[in-house]
Amino acid sequence: MTDALKILLSSAVTGLLGLDSVQAGQFLLSRPAFVGPLLGWLNGCPLEGARMGILLEMLYIDVIPVGGVVPPNGAAAAAAAVLAYSAAGLAPSLAFFVGAAAGAAYSPVETLLRTARSAWNPRIREQVSAGDFNISRWLARAMLMENAALAGYTVCWAALCAALAVLPGIRALYPATDFAYSLMPWLGLSGLYFRFRTQAYKKG
């Protein structure tokens with residue numbers, strides 16, 4: 001399988017899994033800890049995909065898309081990180097931080113998608129008021145739009161990473177990113193510790 005085909009397949013899978021966050025199911029299939037290993041397996045780097053996915057999960061474990069809050073997108077982050085490593089050839093450390101940036105940068109995209117869906121509300125109310133309670137086409141339209149947006153976003157980040165990989169002097173960043181990447185497990189575990197300690201105090 002060529003790299004281009006792997007990118008397209010990975011992007012399509014990411015778009016589908018991304019629906020699990022708010023549109024369908026909520027079985028945690030859109031979490032980085034699942035997306036990372038899966039895309040790593042599809043791209044021939046399951047261990048590195050799992051590592052980056054788990055570390056991103058530690059960053060996003062408290063992030064829940066509730067109400068008007070538009071958090072970073074974990075699926076986009078994991079997908080961009082894996083493709084930056086497997087397809088663009090960036091070092092795992094730089095790929096991880098590229099993925100984190102991609103996850104954060106998806107928030108404005110999600111805001112635009114929510115605004116677009118909100119514009120449908122008057123038409124849906126009119127339909128329901130007329131006695132037609134079949135809103136499946138609106139749900140299907142919303143899911144298709146979300147799927148296409150996340151899949152296209154992933155392709156764009158893969159292309160950006162490919163361009164980044166050929167920049168002169170990009171390897172000069174690796175010592176700094178390697179050092180920062182080595183700290184991520186400890187930072188993630190520290191965050192989990194303080195989170196669970198706070199929860200224990202609340203229950204006490």
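Figure 1. Helices (H or I, at least four residues) and strands (E, at least two) are DSSP runs, numbered from the N terminus. This is a predicted model, in which local features need pLDDT of at least 70, side-chain atom pairs count only at pLDDT 80 or more, and totals for chains, interfaces and linings use all residues. Residues are numbered from 1 along each chain as its sequence is written, and side-chain values use heavy atoms, with hydrogens and water left out. Starting at the N terminus, the elements follow the order α-α-α-α-α-α-α-α. The chain has 204 residues, and 39% of them count as buried. Buried means under 20% relative accessible area, exposed over 50%, and partly exposed in between (1.4 Å probe, protein chains only). Take the contacts in the chain with a separation of 6 or more: 72% of them come from residues 24 or more positions apart. Contact here means heavy atoms within 4.5 Å.

**Figure 2. Helices H3 and H4 pack against each other at an angle of about 150°.** Two packed helices are described by the angle between their axes and the distance between the axes. Here H3 covers residues 46-60, H4 covers residues 74-86, and their axes are 10 Å apart. The angle makes H3 roughly antiparallel to H4. Axes are lines fitted to C-alpha atoms, for helices over the stretch in contact, and angles run from 0 to 180 degrees between N-to-C directions. Angles under 35 degrees count as roughly parallel, over 145 as roughly antiparallel, 65 to 115 as roughly perpendicular and the rest as oblique. H3 and H4 have a right-handed crossing; a crossing is left-handed if the near helix is turned anticlockwise from the far one by less than a right angle, and right-handed if clockwise. Look for Glu48, Gly49, Met52, Leu56 and Tyr60 on H3, which meet Gly74, Ala77, Ala78, Ala81, Val82 and Tyr85 on H4. Sorted by class, this contact of H3 with H4 has eight nonpolar residues, two polar and one charged. (Ala, Val, Leu, Ile, Met, Phe, Trp, Tyr, Cys and Pro count as nonpolar, Asp, Glu, Lys and Arg as charged, and the others, Gly among them, as polar.)

**Figure 3. Helix H6 meets helix H7 in a left-handed crossing.** The axes of H6 (residues 121-129) and H7 come within 11 Å and cross at roughly 160°. That angle makes H6 roughly antiparallel to H7. On H6, find Arg123, Ile124 and Gln127; they meet Arg137, Trp138 and Arg141 on H7. The contact of H6 with H7 divides into three charged residues, two nonpolar and one polar.

**Figure 4. Glu110, Arg114, Arg117 and Glu146 are linked in a network of salt bridges.** A salt bridge is a side-chain nitrogen of Lys or Arg within 4 Å of a carboxyl oxygen of Asp or Glu, and the structure holds four of them. Start at Glu110, which pairs with Arg114, their closest N and O atoms being 3.3 Å apart. Both residues lie in helix H5 (residues 92-118), four residues apart, about one turn of the helix. Glu110 also forms a salt bridge with Arg117 (3.4 Å, N to O).

**Figure 5. A salt bridge joins Arg117 to Glu146.** The N to O distance is 2.9 Å. Arg117 lies in H5 and Glu146 in H7 (residues 136-165), so this pair ties together parts that are 29 residues apart in sequence. Are these two residues buried or exposed? Both Arg117 and Glu146 are buried, and Glu110 and Arg114 are buried too.
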